[in-house]
Amino acid sequence: MKPDEQPSLSVERLSIDVGGGASRRRVVDELSFALYPRRTLCIAGESGSGKSLSSLAIMGLLPKAASVPGGAILFDNRDLLSLPERELQGLRGKRIGMIFQEPMTSLNPLLTVGQQLAETLRRHEALSRGEIHQRCRAMLDAVRMPQVDKRLTQYPHELSGGMRQRVMIAMAMLCQPEILIADEPTTALDVTIQAQILELMRELQQQFATSLLLITHDMGVVAEMADEVVVMNQGRMEERGSLHQVFTDAQAPYTRKLLAAVPVLGSAPPPDALNEQPVVLAVKDLSVRFPLRHGWFETPRTVHAVEGVSFELRQGETLGLVGESGCGKSTTGKALMNMLSYQGSVKLLGQELNGLQGDALQRVRRDVQMVFQDPYAALNPRKTVFDLVGEPLLIHDKMPEARRRERVAQLLQQVDLPRDTLERYPHQFSGGQRQRICIARALALNPKVIIADESVSALDVSVQAQVLELLERLRAEHGLSYLFISHDMAVVERICHRVAVMYGGRIVEIGARDQVLHNPQHPYTRRLLAAVPVPEVGRRRDFKSLLKELDRPDPIKTKDFVAPVQRFSAVAADHWVAVE
Amino acid sequence: MLPFICRRVGYALLILLGVTFITYLLLFLLPADPARQIAGRSATPEVVAAIRAQLGLDLPFYQQYLSYLGNLLHGDLGRSYIQRTAVSELIGARLRPSLELMAAGIGFELLIGISLGMLAALKRDSFADKLLMAFSFVGVSAPQFIAAMLFLYFFAVQLGWFPLGGYGGASHLMLPALTLGLLGSGWYSRMVRSSMIEVLHQDFIRTARAKGLSRARIVLVHVLPNAIVPVIPMIGIDIGVFMGGLVVVESVFGWPGIGQLAWQSIQQVDIPVIVGVTTLSAVAIVLGNLLADLVIPLVDPRIDIKQH
């Protein structure tokens, strides 16, 4: 803290209630903090901690259902909570800017980037058309947007997520606000894009002397960005202090628990060697292509989503499949489930899966099961847990109800859910519990292989740690093999024996976990690992080198395109890297 | 663009073929006998048979239909049994009044529907919202002939604000157009309301508010265009419903348009005119839908008609 300086914003004993009458609930309770010029304050906390609502309260953008029973938000010697709407409009975008979590939906799809930028300037400053255009251009340049003039005339759907978030930042910074509030600005983005956005925010903060209020659930981001940290839980402030103090000498038990649950890259014990185990799943030259619609006189083109992927999965082994969004990792998982048609060979215990149909496919399906990313969308809301978990047993074994009930109860016990959950519906469970239900469902038929597609990404860190532990225990008990698809390197390190890195539909590096993660050879793997924020003080990284984009291969190819054969060179025992 | 329009015109021709066939078949199956209608009550069976032979009504169905199609390809819609003039002339003379009424009616429909829908969405769950939605419900479900007569009685007979009916200047146009507009606006106000409520919860509206924009600008620039997009294809589809309303309203208000012509020819079993009017309606619906599809990409840049 710097007592000699005036805070640019101070929140004092802010409380927020949601709902009215009997259902009224306190979601933020007496939150106090101060934000100093040119400094970064991070509000960290898991979902439901009230961190986002607090930021909306500062902007005066609380939803109608929320009310503020007490507290003050002081900005420029005025209490924002008692300011009339008209004056708040004058502050928003002009002196306090805000960036949101979802860049994909936070821009108006019907207006060009230029129109949306210009709108903010026109509202707050009396400038000529030419000056407005100049300022928008300059700001897009400042967020390192390539091809600025083209971008100004483009619509949001023509830009990638990272580009859209840059537009959002440019929009928030246009009037050079004293305060920038960023609500989970990188959560929806790939780790390399996240590093770029964080770096940009650091640069802009230096350039325009802005105070940054950063709201995040990711302790790695906190360690990279914060000067001060506020830790929130269930609407209460658990801890407030400097970054160093919170990370090295946390006072609140909750903070210590939270920090302990965060997976840190480079901290996992070495995995068991499983080279002697039999191969369960052997994938050879797997390719998935989607034909594009084309006109009468155009040459047909295809999207090469997955191209010549080969790997083996041994019994009891967890293979991590990592890469950025759109690299083909989920498509690979779906192809292994036979949910889409593919070329190449997939052998399960020696049996070829490609081309299987009808009963034969049905029989194989019981051996390969899947756990999806979003536990909220993966369970039919109108079915009870018994119906959901028992459904595979009904379909494959036509098991009578009494036995099915017994088996489902046993499965629920295995995933640490109480027996009385049988007749309850998915909406009565938390995210972590729902993911346990999904895991129980996948286990029902005693599969050999489970494909976990980003299965812990949507969960809070403490819940994530528990689910990972559960997956580990089940693997050991049942001799399961996992294909663990993830974008989170630290989680991959915690659970995987081997790691495959995918880029542009191909595996570019594959091998033993510690080899790939700690001695990366391929430029893409290195870049990916360099972008991972580390949740430790004193290890702040410089992301500047990541601001330059890699050349990305275009996945859309004409029909006669023949993919060049990929060659791998051995770096060490069980560590292969693709040579271009 | 061009292949898209070509393909759509191709589909349209198929639709028109189907429409003429079904209309012709239904009229053939009808127990009413046009020859007897023309001949009158006192005619002898010989006279009726002569008329039937003269009109070609004694031929089997497929021959009648094929000769109709053949004539249609030459642009000949046939001749009216009763009035003895070409159907195309009859329709042509009434096209202009009908188009005027349609344009005014759809204009009112959209104006009333969109503004009431907007109002209801912005004042969601208030008394005004409930009142407006009740009103739209009445509008959707009220039979057109009753509503048209009530309006005629109150506004023309009792209050004397509008002329009693007939064709003329803007004052003649107002009452039938308002009747069509008020009755048709219910659909639109409900659609605009729900679509707007959805858009109001979108993330980009929060962004617009975070930029400090005024409420009016947020509603007019950010909410309304996004809420209108799903309504545009509805306008194309609605033309069919609208044509039905046109028949009733034109008859009640004595508006010399296609609707009135259809009403008269149905009463007289004047088959060529009925089929002609039906075909024309089908053309109007197809054109309306094509127009809606061409307009949407202008509003929503995400929609690329080349991909359809």
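How much space lies in the second largest pocket? About 890 Å³. The model is predicted: local features need pLDDT of at least 70, side-chain atom pairs count only at pLDDT 80 or more, and totals for chains, interfaces and linings use all residues. Residues are numbered from 1 along each chain as its sequence is written, and side-chain values use heavy atoms, without hydrogens and water.

A pocket here is an open set of points on a 1 Å grid over the protein atoms alone, where a 1.4 Å probe fits, with protein on both sides within 12 Å along at least five of seven lines; lining residues have an atom within 4 Å of a point. Its volume is the space filled by probe spheres set on the points.

In the second largest pocket, 26 residues form the lining. Closest to the centre are A:Pro63, A:Lys64, B:Leu200, B:Arg209 and B:Arg215.

**Residue classes**

Now the interface. 30 residues of chain A are in contact with 25 residues of chain B (heavy atoms within 4.5 Å). The two chains bury about 2,300 Å² between them, 56% of it on carbon and sulfur atoms (accessible area lost, 1.4 Å probe, summed over both parts).

The rule finds two salt bridges across the interface (Lys or Arg side-chain nitrogen within 4 Å of an Asp or Glu carboxyl oxygen). B:Lys211 and A:Glu119 meet in a salt bridge at 2.7 Å, N to O.

Notes:
Chains are lettered from A and ligands numbered from 1 in the order in which they are written.
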